[in-house]
Structure formats: C-alpha cells, structure tokens
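Welcome! Keep the view open and follow along.

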Amino acid sequence: MMDFYQGQEALLQQASRIVDTETVPLNQAAGRILAQSIIATTDSPAFDNSAMDGYAICGLDCSEWQLTDTAAAGDTRQLTLQHGQAMRIYTGAGIPVNTDAVIMQENTCVEGLTLSCTSTPVANENIRRQGEELKQGATLLEKGALLNAQAIGLAASQGFSELQVYQKLRVSVFTTGDELVSGNSQLQQHQIYDSNRPMLLACLQTYTFIEIIDGGILPDNLDIITETLSKAATSSHSIIISGGASVGDRDLVKPALQQLGSIEHWKLAIKPGKPFGWGCIGECRVMLLPGNPVASFVTFKLLGLPALQTAAGRHILQALPECYQAKAAFSIIPNRQKRREFLRGSLRYTNNGPEVIPLNKQGSHMLSGCVNAQVLIDIPAQTDIQQGQWLIVYPI
Ligand code: AMP
Ligand code: MG
C-alpha cells in the first residue's frame with residue numbers, strides 16, 4: 001500500500017489541467033481560475049499622491065507657509081509649490097511639484113492664509129510614491145491562481161475588464177450500493193439513506209470553477225455501473241464514485257473501471273480510507289472513494305478535492321489542502337496502527353498555543369463524530385504520540 005503523501009503527490013501529478021480556456025468579464029470571474037498570468041499595465045501607485053488629509057509644504061526649513069490652493073482627489077491639474085508655500089491636500093490627491101512633505105491635518109495650525117506646524121516636518125512623510133507597490137510589467141497574478149475577491153480587486157485596479165480563465169471542470173458524482181435510498185423515499189429493512197452523495201455535492205458547491213453533475217445512486221450491478229460510467233465519461237472531465245471500491249464480490253466499481261479504462265492506483269495506507277483509487281476512462285479522470293461516509297469525506301477532502309482543483313487548472317501548491325501545526329493534548333503509546341491515521345479532532349487555543357484532541361466516535365461509519373471536529377489530526381503510522389508533541393492538522 002502506498003503512503004498517503006506519496007499517493008497525494010502521484011494523484012496530483014496525474015490530475016494536472018484538463019480543461020480549455022475562455023475569456024469572461026471581470027464581474028463574472030470571481031471563483032474561477034486564471035489561465036494566463038497578468039502583468040501590471042502601469043506603476044502602482046500610478047502617480048505620487050497623498051496618504052493623508054493635510055497640507056503639502058515646500059521648504060522643510062520654514063516655520064510658516066503661505067497657503068495657495070487646494071489639491072483634492074481627482075483634481076486633474078498639475079499644481080506647483082514654491083519655497084515657503086503650502087497647499088491644502090486630501091488623501092489620494094496628486095502631489096504638487098516641489099512638495100517636500102505632507103503634514104497631517106492634526107499637526108497643523110491655520111490662521112488666515114498662514115500655516116504652521118505643531119510637529120517637525122520630515123522629508124517625504126505621508127507621500128505614496130509612484131511605483132512603490134508595483135512597477136509596470138510586474139506580475140500581478142499568476143496563471144493558475146484562484147480569483148478571490150482580492151485578486152479581482154487587484155485586476156480591476158489595473159484596468160482589466162475581462163480575464164482569461166479555465167473553463168469549468170465538469171464533475172459527475174455517483175454513489176453505489178443496493179442498500180442506498182435517496183432521502184425522499186421510505187426505507188425498507190436493512191436499507192440506509194445515501195449520505196455520501198449529498199455530502200460530496202456539498203463539498204463541490206464551494207467551488208465556482210466546478211460544474212456539478214449529480215449522477216444519482218447506482219445499484220451493485222456490473223452492467224449498469226459499466227454502462228453509466230462509460231456514458232458519464234463522454235460528458236464529464238472527471239467522475240467521483242463512492243462505494244464498491246473494496247475487495248468484496250459486490251464491489252464492482254473497480255472491475256467496471258478496469259473494463260472501460262484503467263486503474264492507475266488503488267489502495268492507500270490511510271485510516272479511514274484504504275480503498276481509495278484513481279484511473280481514467282479515455283480523457284476522463286475517475287476517482288474511487290470508499291463507501292463508509294467518514295472515509296469518503298476524509299479522502300475527498302485530502303485527495304479528491306486537491307486533484308479536482310489541479311485538473312481545473314489551479315496551481316498545485318494552492319490546490320494542496322491547507323494545514324498547520326498544533327500540540328497533542330493526548331498521547332498514543334504504543335501506536336501500533338500500520339496505516340497513517342486522520343483522527344477527527346477538536347482544536348482549542350490555550351496559553352500553551354493551539355492544542356488538539358481526538359473526539360469520540362472515530363468509526364469510519366460515524367459521521368456524527370466528524371460534525372463537531374474542526375480538524376483532521378495526522379497521526380503517522382506506527383509512531384508513538386507524546387503529549388505536547390507538535391502534529392500536523394488539516395482544518396475541515
Ligand atoms: P462499500 O464501500 O460499498 O463496501 O461500503 C462500505 C460501507 O459504507 C457499507 O456499510 C455501506 O453501506 C456504506 N455506504 C456505502 N455508500 C454509502 C453512502 N453513499 N451513504 C452511506 N453509507 C454508505
Ligand atoms: Mg457497497
């Protein structure tokens with residue numbers, strides 16, 4: 001069985017971009033993935049301007065200045081000061097020629113047309129210089145970046161009104177199992193409601209760059225699974241299918257995929273989630289998820305979603321799940337677990353720093369134990385965990 005991190009890397013390498021590009025108006029680009037690096041068209045700031053409401057002065061050695069004019073934001077005139085002169089100026093206004101400093105309003109005193117200062121003026125204070133943030137030609141946003149609100153603002157600040165983005169990744173989601181019933185139907189004995197499909201669809205709804213296709217529940221029938229996946233592969237970039245990925249006679253997704261395309265990898269040394277695999281049907285990438293709901297969730301969060309994001313064009317480093325460190329508020333000695341475990345944990349902030357502790361109900365069929373968890377705690381295989389030791393945690 002392959003180690004989790006090795007598996008994640010292999011999967012993400014396989015999944016790199018499979019969609020074409022399109023141009024969209026800036027106001028429809030939020031949440032999409034940039035298909036082309038964009039370059040600053042001008043310096044930023046584009047001109048020297050005032051960082052404060054106050055007075056632009058010429059002559060740092062003067063004790064008084066004569067007021068001549070007012071420079072407001074948006075004033076298009078080119079104003080000039082001579083030695084001993086000052087001008088009222090507002091935040092964002094262009095700096096008059098010969099300005100030595102802008103004195104903030106709070107540190108000034110005006111009588112008639114004479115300005116004096118209650119503090120000693122410092123050369124260049126309160127002036128934002130042209131190009132101090134970015135020079136024309138600098139990279140504003142990198143290809144593969146997710147266009148969040150800040151990125152949209154930055155592109156707008158440079159006059160971009162449309163952006164080249166990757167087309168939406170079409171993802172079909174299926175669950176399998178003769179025992180599964182949709183929420184609107186009556187349960188018969190030994191049937192259960194399908195929790196994975198609504199959960200996986202909910203995970204995908206966060207991503208504007210994904211077009212979700214709800215494929216429904218498939219029975220444990222090889223012909224039906226094969227026919228359905230074959231059809232879905234022609235209309236989707238990627239297929240996610242949960243259940244039937246293990247080794248039982250009723251686990252038919254693996255044989256179906258082998259028949260239609262190929263399995264590139266199957267089984268990872270993780271708990272929960274061992275029967276996770278991936279492959280392809282023609283151009284369509286397929287991921288097999290475990291049926292147990294927590295295993296399905298954990299593998300989708302840590303492996304499935306990152307893979308879909310890179311397939312959708314996102315930069316691989318941005319697509320990896322966010323993680324940070326927290327101290328173990330527990331110990332596992334000896335840890336005989338042969339697979340890397342991702343325990344559902346609670347995170348709390350103490351004077352000692354962030355601390356994690358596993359919650360109750362760690363069974364891979366127990367979604368209720370997952371609901372109140374803030375993080376997945378990464379417990380390396382066969383490695384004792386000492387209280388106070390730093391561990392990697394993945395926020396969920
Ligand atoms: P499987 O991977 O198909 O062998 O399923 C493993 C376990 O997960 C079984 O107990 C299934 O009943 C359960 N299971 C599979 N799919 C789902 C689902 N979509 N929702 C809830 N439980 C499921
Ligand atoms: Mg099954």
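Let us begin with Asp223, which sits in helix H4, the stretch covering residues 222–235. This is a predicted model, and every value below is computed from it. With a relative accessible area of 59%, Asp223 is exposed, because the cut-off for that label is over 50%.

From here you can look across to Ala245. Along the chain, Asp223 and Ala245 are 22 residues apart, and their C-alpha atoms are separated by 16 Å.

## The six-stranded sheet

Next, find the open sheet made of six strands. Going across, the order is E7-E4-E6-E5-E9-E8, and the pairing is mixed. At the edges are strand E7 (101–104) and strand E8 (108–111), each of which pairs on one side only. From one strand to the next, the twist averages 40°.

Strand E8 runs antiparallel to strand E9 (residues 114–117), and the two pair over four bridges. If you want a pair of residues to look for, Glu111 stands opposite Thr114 in E9.

## The largest nonpolar core

Now turn to the inside of the model. The largest nonpolar core holds 41 residues, and the members that touch the most others are Ile240, Met287, Phe300 and Leu308. Several elements give two or more residues to this core: helix H1 (4–14), strand E13 (169–176), helix H3 (196–205), strand E21 (284–289) and helix H6 (293–311). Which of them gives the most? That is H6, with 10 residues.

Setting aside neighbours within four places in sequence, Met287 is in contact with Leu11, Ile239, Ile240, Ile241, Phe276, Gly277, Trp278, Leu303, Gly304, Ala307 and Leu308.

## How H1 and H6 meet

In general, two packed helices are described by the angle between their axes and the distance between the axes. For H1 and H6, the axes come within 9 Å and cross at roughly 25°. H1 is therefore roughly parallel to H6, since angles under 35 degrees count that way. The crossing in which H1 passes H6 is right-handed.

On the H1 side, the contact is made by Phe4, Gln8, Leu11 and Leu12, while H6 brings Leu302, Leu303, Pro306, Ala307 and Thr310. Is Gln8, with 6% relative accessibility, buried or exposed? Gln8 counts as buried, because the limit for that label is under 20%. This residue of helix H1 is in contact with Leu302, Leu303, Leu320 and Pro321, leaving aside its neighbours within four places in sequence.

## A mostly covered helix

Helix H3 is mostly covered, with seven of its 10 residues buried. The buried ones are Asn196, Arg197, Met199, Leu200, Leu201, Cys203 and Leu204. These buried residues pack against E13, strand E16 (210–218), strand E17 (238–242), E21 and H6.

## Backbone details in the loops

Some backbone details are worth a visit too. The peptide bond from Ser44 to Pro45 is cis, with omega near -10°. You will find Pro45 in the loop between strand E2 (38–39) and strand E3 (49–50). Lys271 and Pro272 are also joined by a cis peptide bond, here with omega about 0°. Pro272 belongs to the loop between strand E19 (270–271) and strand E20 (277–281).

Positive phi values turn up as well. Lys267 is not a glycine, yet its phi is positive, at about 85°. Its place is in the loop between strand E18 (262–266) and E19, and at 24% relative accessibility Lys267 counts as partly exposed. Gln382, another residue other than glycine, has a positive phi near 45°. Look for Gln382 in the loop between strand E25 (375–379) and strand E26 (390–395).

Definitions and conventions:
Residues are numbered from 1 along each chain as its sequence is written. Chains are lettered from A and ligands numbered from 1 in the order in which they are written. This is a predicted model: local features need pLDDT of at least 70, side-chain atom pairs count only at pLDDT 80 or more; totals for chains, interfaces and linings use all residues. Side-chain values use heavy atoms; hydrogens and water are left out. Two strands pair if DSSP finds at least two bridges between them. Axes are lines fitted to C-alpha atoms, for helices over the stretch in contact, and angles run from 0 to 180 degrees between N-to-C directions. A nonpolar core is a set of buried Ala, Val, Leu, Ile, Met, Phe, Trp, Tyr and Cys residues joined through side-chain atoms within 4.5 Å. Buried means under 20% relative accessible area, exposed over 50%, partly exposed in between (1.4 Å probe, protein chains only). Contact means heavy atoms within 4.5 Å. Angles under 35 degrees count as roughly parallel, over 145 as roughly antiparallel, 65 to 115 as roughly perpendicular and the rest as oblique. A crossing is left-handed if the near helix is turned anticlockwise from the far one by less than a right angle, and right-handed if clockwise.
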